[in-house]
Amino acid sequence: MSYQFHLTKTQNSSLDKVDFNNIPFGKVFSDHMFMADYINGEWMNFEIKPVAPIPTHPGNMAWHYGQAIFEGMKATRDAEGQALLFRPELHAKRMNASARRMCMPELPEDLFLQAIHTLVDMEKAWIPAQIGSALYIRPFMYATDETIGVKASETFKFVIFVMPVGPYYSQPVNLLAQDTYVRAVVGGVGEAKTAGNYAASLLPATMARKEGYDQVMWLDGVYKKYIQEVGTMNIFFVIGDEVITPNLDGAILAGITRDCILTLLRDKGYKVVERPITIDEVVEADASGRLKEIFGTGTAAVVAPVAKLKYRDTIITLDPNNQKISTLAKDTINGMRNRTIEDKYGWIVPA
Ligand code: COI
């Protein structure tokens, strides 16, 4: 099905004010955004218009009860200037999985995809050419009922806005394993890409930063020993000849980059395992010289090598210049995104 979008173009583009060689992540926005409303059980009012504040009533339920979900995806371009999207249909499915868990309406996948394609095509001049840079696409949905009282909202807004970005982490990252605060437990909302999961990371992440660490590495909420993910990405360990990432147990976000890395590394002949992994196993592997690499994966971070991991009194240091597998994974994803490396999986689609 094809949807009709009402289009209002900006009279005031800010494209020429952007320094594409120096783009801070998440602070520079393109000219237009897509918006839709969910009213009386139907998605309607599809429009693309200049990016502007959205007036909101103080009783807006998203502000009080947290029905707010989002996605993060990237558009890049190839040498001919063709705008490219990376696995957009998987983002549509994950957005709907988050919506179901948060008691929010699903979006027809074809509407989600048409909105992304149309907006990215309109904003393609905003896609940076530099390897590792991209147009970051942020689709999000939030409750709009104006009611105080805990119940599911009946109305919602769906918005997509886009921004040119450089790398999320420009340096190898330092992580602090967190065994006091927890992010999610099985049966909770850890699997959903919902705002509250990120809110939960802010206090521990701020504490970690005071100690000189970039992010928190979460442990499970019951035993406080099984590794889950990092505040901004999924996590992988190379121990001996195995590449290990925590299995998706319901408390961990099903990362799309995580899924790509699993496929890519398996295809390249690595032994890749999704299984529970404890922080003690990582500490022991390091002590016995079998821990080779740690890296995070995510849309924003792509593949981020870890230079240091602290757990209680143990500090593990790794040489970020000697992380063969994470470098291979990162270069392959970035190369596919610019079409300098063949995509045999059909992940890259023209915008
Ligand atoms: C992403 O990787 O797209 C996220 O949503 C995580 C956030 C750190 C930007």
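K151 is partly exposed, at 39% relative accessibility. The model behind this value is predicted. The side chain of K151 meets that of D145 in a salt bridge, 3.5 Å from N to O. D145 itself is buried, with a relative accessible area of 9%.

**Salt bridges**

| Pair | N to O distance |
|---|---|
| D37 and K157 | 2.7 Å |
| D121 and K124 | 3.0 Å |
| D145 and K151 | 3.5 Å |

D37 counts as buried because its relative accessibility is 16%, under the 20% cut-off. K157 is buried too, at 18%. D121 is partly exposed at 38% relative accessibility. K124 is also partly exposed, with a relative accessible area of 38%. Elsewhere, salt bridges link E242, K271, R275 and E281 in a network.

**Strand 15**

Strand 15 spans residues 291-298 and is mostly covered, with seven of its eight residues buried. Strand 12 (residues 234-239) pairs with strand 15 in the antiparallel sense, over six bridges. N234 has T297 of strand 15 as its bridge partner. Strand 15 also pairs with strand 16 (residues 302-311), again antiparallel, over four bridges. There, F295 stands opposite P305 of strand 16. A hairpin of three residues joins strand 15 to strand 16.

Definitions and conventions
Residues numbered from 1 in each chain as written. Predicted model: local features only at pLDDT ≥ 70, side-chain atom pairs only at ≥ 80, totals over all residues. Heavy atoms only, no water. Buried < 20%, exposed > 50% of the residue type's maximum accessible area, 1.4 Å probe, protein only. Helix = DSSP H or I, 4+ residues; strand = E, 2+ residues; numbered from the N terminus. Pairing = 2+ DSSP bridges. Salt bridge = Lys/Arg side-chain N within 4 Å of Asp/Glu carboxyl O.
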